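Student: I am new to this structure. Could you take one part and walk me through it closely?

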Amino acid sequence: MPWLRRSPLVVCMGSTWLQTTRTVLPHLAKLVREMRPTAHLSSVVELDAESLIEKGVRAVLWDVDGTLMSHHASALPRPLETAVRALLADSRFRHAIVSNCQEPRLEQLGEIFPDVPVLLGYRSEEGARFRVRRGREDTWREGAADAWSPATPGLPIRKPSAALLRAAMAELGVEDTGEVLMVGDQYLTDIASANLAGVRSIKVPTLERASFPIPVRVAQALENVLYRLRHGRPRLGWGAES
Ligand SMILES: [Mg+2]
């Protein structure tokens, strides 16, 4: 999309953490009410396929950096690889990646997860457009923006926008929000977007926090404090938060 690559707005928005901060901060008072996940787990390896089927989960939306690997890593870490690859290969589930990344990272994620669609969203004049990367192939999907999307055409639509998750559901052909599970490591983006979209969510601790830029680590620490102030210490396991 040439207009997008040339857009000075996209260039001047700078790094992903700055973009995310600009998305989150104006809505912080509302977003702190959307931080509670369906469950906290200590790792994605605890996502058991049979248990997910029992709970009615048929589609999994994944955050990547901090959830499946360290910041901008090029491969799954060994302790997670077998379990995650098995879940991704399980034909009973559909998967998509919704990452607050930039375009080069989207292309890299397409190579790391060649069978999983990776979505990036942009505000358009009409609503929203979503770049869907499958392996090395790109398609574009028209969609709707939401109150959490930027108003200016050309700017990225980032979690906590629920529009990104709805586009992922549309890409997977899933209409029932009850069948969808978002998995992520950050309350104010991953979990808030899930709650705003009306889907269940799993919060895992951030992998390799030291691999993230300092502003992201500060944001992660702050949201952990906010969560504890509001909900107390996270309790691990399905049903523990209810
Ligand atoms: Mg993350």
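Tutor: Some ground rules come next. Residues are numbered from 1 along each chain as its sequence is written. This is a predicted model, where local features need pLDDT of at least 70, side-chain atom pairs count only at pLDDT 80 or more, and totals for chains, interfaces and linings use all residues. Helices (H or I, at least four residues) and strands (E, at least two) are DSSP runs, numbered from the N terminus.

Now the pairing partners. Two strands pair if DSSP finds at least two bridges between them. Strand 2 (residues 59-62) pairs with strand 8 in the parallel sense, over four bridges. Strand 9 (residues 200-203) also runs parallel to strand 8, joined by four bridges. There, Ile202 of strand 9 stands opposite Val183. Ile202 is also the bridge partner of Ala39. That pairing belongs to strand 1 (residues 39-40), which is parallel to strand 9 over two bridges.

Why is strand 8 largely enclosed by the rest of the structure? Because five of the five residues in strand 8 (residues 180-184) are buried. Buried means that 20 or more other C-beta atoms lie within 10 Å of the residue's own, with C-beta atoms placed from the backbone; exposed means 12 or fewer, and partly exposed is in between. In a regular strand the side chains alternate between the two faces of the sheet. In strand 8, both faces are covered: Val180, Met182 and Gly184 are on one side, Leu181 and Val183 on the other. Strand 9 is covered on both faces too, with Arg200 and Ile202 on one side and Ser201 and Lys203 on the other.

Strand 8, helix 9 (residues 187-197) and strand 9 make a right-handed β-α-β unit. Right-handed means that, with the strands pointing away from the viewer, the path from the first strand over the helix to the second runs clockwise. Helix 9 is mostly covered, with 11 of its 11 residues buried. Just after helix 9, Gly198 takes a positive phi of about 80 degrees.

Finally, look at Leu165. Not counting residues up to four places away in sequence, Leu165 touches Leu61, Val98, Met182, Ser193, Ala194, Ala197 and Val199. Here, contact means C-beta atoms, placed from the backbone, within 7 Å.

Notes: Two residues are in contact if their C-beta atoms, placed from the backbone, lie within 7 Å.
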